[in-house]
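Q: Could we go through this structure together? I would like to begin with the terms and then turn to individual residues.

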Amino acid sequence: MGKRRRGNQEITSLTKKQKKHLKEFGEQHPFHDNVSAPEQPGSPQHPVPDSEEDSDEEQQSAYQKLLTTMIQGADDNSEDEESDNEDDEEEVEGESEEEEEEEEGSDAEEDLEDEEEGETPDNSQNKEHPEKTNGGIEETEEAETEGEFTDKKNEAAFCLETNLPAKGEENMGEQEEEDIFVKHQETELSEEEVGRILQGSKIKTQVKWPKLGTLQCMCPLERFPAMGQPSSAPLPSIHKTLEANWGLLNQSFAPEGGTMTDVTELQKELLGLMGTYRDVHFTNSSPLREAKEVQSAYCLHVLNHVLKANTRVLRNNAKLKETKDVNKEFRDQGITRPKVLILVPFRDGVLRVVQTFITLLEPKGKKMDVSNKKRFKEEYGEEPGESPPKLHRPDDYHAIFSGNTDDHFRIGVSIMKRSMRLYSPFYSSDIIIASPLGLRTVLGADGEKKRDFDFLSSIELLIVDQADVFLMQNWEHLLHVLKYLNLQPLDSHGVDFSRVRMWNLNNWAAHYRQTLVFSAIQEPQITNILTKHCHNYRGQVCSKTIPKVGSICQVLVQLPHVFQMFHSDSFMDQDARFQFFVDKILPQYRDSVMSHTFIYVPSYFDFVRLRNYLKKEDISFASVSEYSQRSEVSRARHYFQKGEKQFMLFSERFHFYKRYTIKGIHNLIFYGLPTYPHFYSEVCNMLQAGVREGGGSVSFTCTALYSRYDMHRLAAITGVDRAAQMLQSKKTVHLFITGEEKNT
């Protein structure tokens, strides 16, 4: 009885957001300092199919399934039910704003005592008995979410099937014929060409643009030649609705009281490139510089695409109404309505995207009609008091974690003429903006009964923004979403098949989908998205970042850097790295003289493997990861600084989310090169903190492991010329010294 009472008290003390996240996942949000267990794959508890009939039904041919549903027509009740389910899922939220760090200058021992006195077993108790916690809030959650939001009053106003074009848009057919959008949609592929695309054989060329830099172009089909100079990709034609405002592209992030900048040269090159409907991977979208320009550019491209597609459908509606020819066909739609999927890591990204949409669509001197705007601001804006006090963190940290940083969300947006509806049901939406985790809870997994992925069947434009941040969340969620794009749907969802494009019916939608990937770094896992999951018949364009000067030049400490190369058979060969570390590196540091050794581990899987090995060998160490409780972090920092623990095992994702300064480091080991190049200099500069506090002279060491598959990371740290020499050299050990007048 005592445990149950304490559990109920804990439930009542939680906020509404925490209760919802607790109900969904059985634990608090992974961004909280209190979380001590690794994040689970993010799918809710779904019931197992009751009979074999359910699983057999999914195994039917998708085309057969569509044919059987043609007779049924549109089922309004089922659509309303789906929108209810989606909105139920949308209400699940977790607080993602990190708690502030204890004062940097305070004494570590005092922090330790405070944490131990204030520690309570309530959180761990709830995690041990999640079923009790969930049971306590089950009834209230069902009452809150049942039939909560279907927005029936706006359904007719935003319906594509029944609306007609706005004044001035009835006769735009002649202008449209030369538009690259129309050419792209009406291009017909042969089965032979589709086979060639799937084989992966591509013609590769390289070109240099003024702002985007070196571009690597890949073309699967000869009739769509490679990119040339910027003149070969002029700005695309802008839809009439956007003509007046598209020059205000940068208004949403103009400084207060400052003048708004015009469309930049970078944005012009990006818009020209995106307008060709090739896949684009831009690897230099820094959160401090280019990210805002990039986001505004792709928002314009998205609106331009959606408005042109919708105008075409509405104009054909009018033609069908007037024509007497029963056999006349207008194939202008996909099987489902959603055309654009935008993946962003945090809610604040959704807020900025929607604000840009409103800026571009709003008529001058008038207020635009945006449904459910108040609710949107409440759920995606930053509440007063949620933001911690200004912490001493790097600028890139504040740029990434500004605003609402919850990572579980999804929202549908529909656009009709000059009106916008937020929270539209997915099957009535033109644009879906979501996080990979937010979508995965809807998509589910094989074998689950309650799941839905048909709304992704006709996606024509996929945008992956801040792809590098997804690496710091859970990359598997993103891959899971990509797996379910452009599959043949299992239901017709009331579509008029006489209006569906043939390439959608042939299940070739993936070859017409444009994918835009933006990241701050070059990373093989991100590049893999385009090579494995993108098969655009128009080809791909990838920018190549070539850093002349590496981040090692930003290290201020006088420090010898020893780079040791080990042999590896593949990028995923983690056994070779582990064996090299255990056999060659660790024995050098096991002597008590080599205390205060800090081991930086980029991968959480490697972190767990090393932690288990150190425990097995009975080596004195402390460990800090993104799942460590705040009290555990304080203890680990204290023991390591005082020398009571010889080693500290430190995960990269903890550094990404917290940026704590670890004091007392004398020996530094990079088990793998950091994902972000500036993390290398940040960690190396931590050695200064111990010098300032201790006052004595200490000799520091730094060792970094790399293989030939770490080429991009090595070039970003040492510079491209030095990296090339190191990889081609017969020597496996290279030494750099920083902190002197000239770096060696």
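A: Helices are DSSP runs of H or I with at least four residues and strands are runs of E with at least two, both numbered from the N terminus. The model is a predicted one, in which local features need pLDDT of at least 70, side-chain atom pairs count only at pLDDT 80 or more, and totals for chains, interfaces and linings use all residues. Residues are numbered from 1 along each chain as its sequence is written, and side-chain values use heavy atoms, with hydrogens and water left out.

Q: Where is H678 found, then?

A: H678 belongs to helix α28, which covers residues 677-685.

Q: Stepping back, how many helices and strands does the chain have?

A: There are 31 helices and 18 strands. The chain has 744 residues, 55% of which count as buried. Of the contacts between residues at least 6 apart in sequence, 80% join residues at least 24 apart.

Q: Changing topic, how many disulfides are there?

A: Zero, according to a search of the whole structure; the criterion is a pair of cysteine sulfur atoms within 2.5 Å. For C219, the nearest cysteine sulfur is that of C217, 6.6 Å away. C219 is buried at 2% relative accessibility. For C534, the nearest cysteine sulfur belongs to C542, at 9.3 Å, and C534 is likewise buried, with a relative accessible area of 4%.

Q: Which residues does E460 touch?

A: Not counting residues up to four places away in sequence, E460 touches Q185, H305, K339, R501, Y512, R513 and Q514. The side chains of E460 and Q185 also form a polar contact of 3.4 Å. That term denotes a pair of N or O atoms within 3.5 Å; within protein, one must be able to donate a hydrogen and the other to accept it, and residues adjacent in sequence count only if both atoms are side-chain atoms.

Q: Where does E460 sit?

A: E460 is in the loop between α18 (436-443) and β9 (461-464), and its relative accessibility of 6% makes it buried.

Q: On to the rings: how many aromatic pairs are there?

A: The search of the whole structure finds 31. Rings of Phe, Tyr and Trp (its six-membered ring) pair if their centres lie within 6.5 Å; planes under 30 degrees apart count as stacked, over 60 as edge-to-face and the rest as tilted. One of the pairs is Y380 and F409, with centres 6.2 Å apart and planes at 80 degrees, so it is edge-to-face. Both Y380 and F409 are buried.

Q: What about F598 and F650?

A: Their ring centres are 4.8 Å apart and their planes are at 45 degrees, so that pair is tilted. It links strand β13 (residues 597-601), which holds F598, with strand β15 (residues 647-651), which holds F650, 52 residues apart. F598 and F650 are both buried.

How values were computed: Buried < 20%, exposed > 50% of the residue type's maximum accessible area, 1.4 Å probe, protein only. Contact = heavy atoms within 4.5 Å.
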